[in-house]
Amino acid sequence: MDEVIIVGAGVGGLTLGLALHQAGIACRIFESVPEIKSIGVGINLLPHATKELAALGLEDALAPLAIETRDATFFNRFGQLIYQEPLGRAAGYDHPQFSIHRGDLQMVLLDAFRGRAGSDRLITNRHCIGVEQDEAGVTLNFSDGPGGAGRFTARGRVAIACDGINSAIRKQLFPDEGEPRYSGVNMWRGVTRWKPMLSGASMVRAGWLSHGKMVIYPIRSPGSDGLQLVNWVAEIETPTYRKRDWNRPGSLEDFIGAFADWHFDWLDVPAFIRAADSVLEFPMVDQDPLPRWSFGRITLLGDAAHPMVPRGSNGAGQAILDVRVLTDALRDQADCVAALASYEKQRLEATTRVVLTNRTNPPDAILREVFQRTNDTRFADIDDVISREELVALSEGYKRIAGYSKEALRRP
Ligand SMILES: Cc1cc2nc3c(=O)[nH]c(=O)nc-3n(C[C@H](O)[C@H](O)[C@H](O)COP(=O)(O)OP(=O)(O)OC[C@H]3O[C@@H](n4cnc5c(N)ncnc54)[C@H](O)[C@@H]3O)c2cc1C
């Protein structure tokens with residue numbers, strides 16, 4: 001009854017469970033799927049997020065599974081270098097940037113939560129279908145998996161919706177909101193085993209959305225065959241799309257044509273794409289920022305609160321930042337309704353800025369600027385197209401908005 005009820009055992013829900021446990025606050029997680037499996041492809045954790053994960057004692061478990069990303073490198077579609085900057089510790093941060101398989105991250109969080117809080121604190125096959133509240137607490141209603149016939153309830157003092165972009169609790173609180181908003185860009189994602197490219201720990205962005213953009217970064221260290229698992233995303237402006245399903249298979253022929261002549265000295269892109277283990281397809285979607293997340297004893301966290309287009313490597317990171325603020329609020333304030341209100345006050349405006357900036361000026365705005373200024377042609381000298389100062393300003397501006405400028409992270 002005095003438990004915090006967490007709905008969803010994704011990155012946000014499991015991190016919240018770990019943080020609450022560390023703060024001595026009892027909680028229980030209810031997850032829709034019957035068994036948590038290692039699903040997804042690559043995900044990035046920037047220094048603001050790895051700082052929080054280190055505070056939860058997880059850095060040593062994550063580091064061997066991840067690539068400590070060293071640089072961000074931008075090219076046009078002709079393979080000409082536009083800009084490069086160091087990342088994470090290589091850039092002087094106290095904490096690393098990790099590029100990691102989402103499944104590896106989720107399993108580290110899951111093992112830690114079960115090990116520390118106890119396996120009985122995580123209940124699977126419980127799909128939330130609604131929540132009610134009264135003066136004393138919340139009552140959550142579940143079915144056994146999506147559409148299941150069985151019914152279960154759980155009582156707690158507050159309910160935190162960490163149930164991702166299609167959040168059932170968000171839909172209950174905002175019934176007229178509608179489906180996630182399509183950005184006009186479709187994505188095909190995959191992982192390929194390939195020899196290390198560039199620094200072996202580079203995060204590459206190349207091309208531009210109208211003709212085809214690629215994001216490429218390694219997520220596991222090389223094996224005994226010298227190959228490493230490399231995550232890639234092909235992003236192309238496409239008028240139509242199919243509803244997001246994290247497991248929807250994609251077809252190479254739908255997008256590989258956009259990259260047919262991308263033969264760079266550091267990578268043969270068509271060969272690299274063709275060598276993928278598998279290809280997934282999903283639309284780039286988000287939702288308009290909400291006016292509020294907290295309703296008495298109920299609030300939203302992570303993608304349930306602020307789904308964003310994945311153009312700033314910030315989806316997981318912003319969920320993790322929410323966790324820190326919410327945990328501190330619940331620890332420091334006896335009145336849990338006031339704690340949820342204070343969490344919203346600290347995080348809603350900050351994440352709204354990230355959601356909106358991801359639409360307009362995320363880090364890949366660098367590619368857009370060069371694409372437009374060169375009219376999509378080769379350049380003789382990048383300095384004639386855009387100054388180093390402008391490139392740095394575009395990159396640093398996003399870091400400030402997303403909360404991972406070096407100055408912000410050094411503040412106590
Ligand atoms: C299967 C899957 C694969 C993903 N793959 C990638 C990827 O490859 N790269 C990337 O950048 N991001 C990926 N994401 C998204 C990424 O994890 C999130 O953007 C980010 O980490 C924020 O996490 P979150 O906890 O808010 O949401 P999520 O990580 O999406 O977690 C939501 C959790 O809630 C559960 N859930 C949903 N509805 C209910 C319900 N009604 N009742 C109970 N539980 C519910 C889901 O099963 C899931 O475990 C993926 C998400 C999922 C669910």
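Helices (H or I, at least four residues) and strands (E, at least two) are DSSP runs, numbered from the N terminus. This is a predicted model: local features need pLDDT of at least 70, side-chain atom pairs count only at pLDDT 80 or more, and totals for chains, interfaces and linings use all residues. Residues are numbered from 1 along each chain as its sequence is written, and side-chain values use heavy atoms, with hydrogens and water left out.

**Exercise 1. Examine the salt bridge between E59 and R89.**

Solution. 
- Step 1: take the criterion. A salt bridge is a side-chain nitrogen of Lys or Arg within 4 Å of a carboxyl oxygen of Asp or Glu.
- Step 2: check the distance. The E59 and R89 side chains meet at 2.9 Å, N to O.
- Step 3: locate the partners. E59 is in helix α3 (residues 59–62), while R89 is in the loop between β6 (81–86) and β7 (98–101). The two are 30 residues apart, and the pair links distant parts of the chain.
- Step 4: R89 has 35% relative accessibility, so R89 counts as partly exposed.
- Step 5: widen the view. The whole structure holds 27 salt bridges.

**Exercise 2. Which parts of the chain does the salt bridge of D134 and R155 tie together?**

Solution. 
- Step 1: give the distance. D134 and R155 meet through their side chains at 2.9 Å, N to O.
- Step 2: locate both ends. D134 lies in the loop between β9 (127–133) and β10 (138–143), and R155 lies in strand β11 (residues 151–156), so the bridge ties together parts 21 residues apart in sequence.
- Step 3: D134 is partly exposed, with a relative accessible area of 38%. R155 is partly exposed too, at 30% relative accessibility.

**Exercise 3. Are D364 and K213 buried or exposed?**

Solution. 
- Step 1: start with the contact. D364 forms a salt bridge with K213, and the closest N and O atoms are 2.4 Å apart.
- Step 2: find the partners. D364 is in the loop between α8 (336–360) and α9, and K213 is in strand β15 (residues 212–218), so the pair ties together parts 151 residues apart in sequence.
- Step 3: decide. Both D364 and K213 are buried.
- Step 4: look at a network. Salt bridges with shared partners join E52, R324, D328, R331 and D332.

**Exercise 4. Describe the sheet that contains β3, β7 and β4.**

Solution. 
- Step 1: state the rule. Two strands pair if DSSP finds at least two bridges between them.
- Step 2: read the order. This open sheet of 3 strands runs β3-β7-β4, with antiparallel pairing.
- Step 3: find the edges. β3 (42–45) and β4 (67–68) are the edge strands, each pairing on one side only.
- Step 4: inspect one pair. β3 and β7 are antiparallel over 4 bridges. I43 stands opposite I100 in β7.

Notes. Buried means under 20% relative accessible area, exposed over 50%, partly exposed in between (1.4 Å probe, protein chains only).
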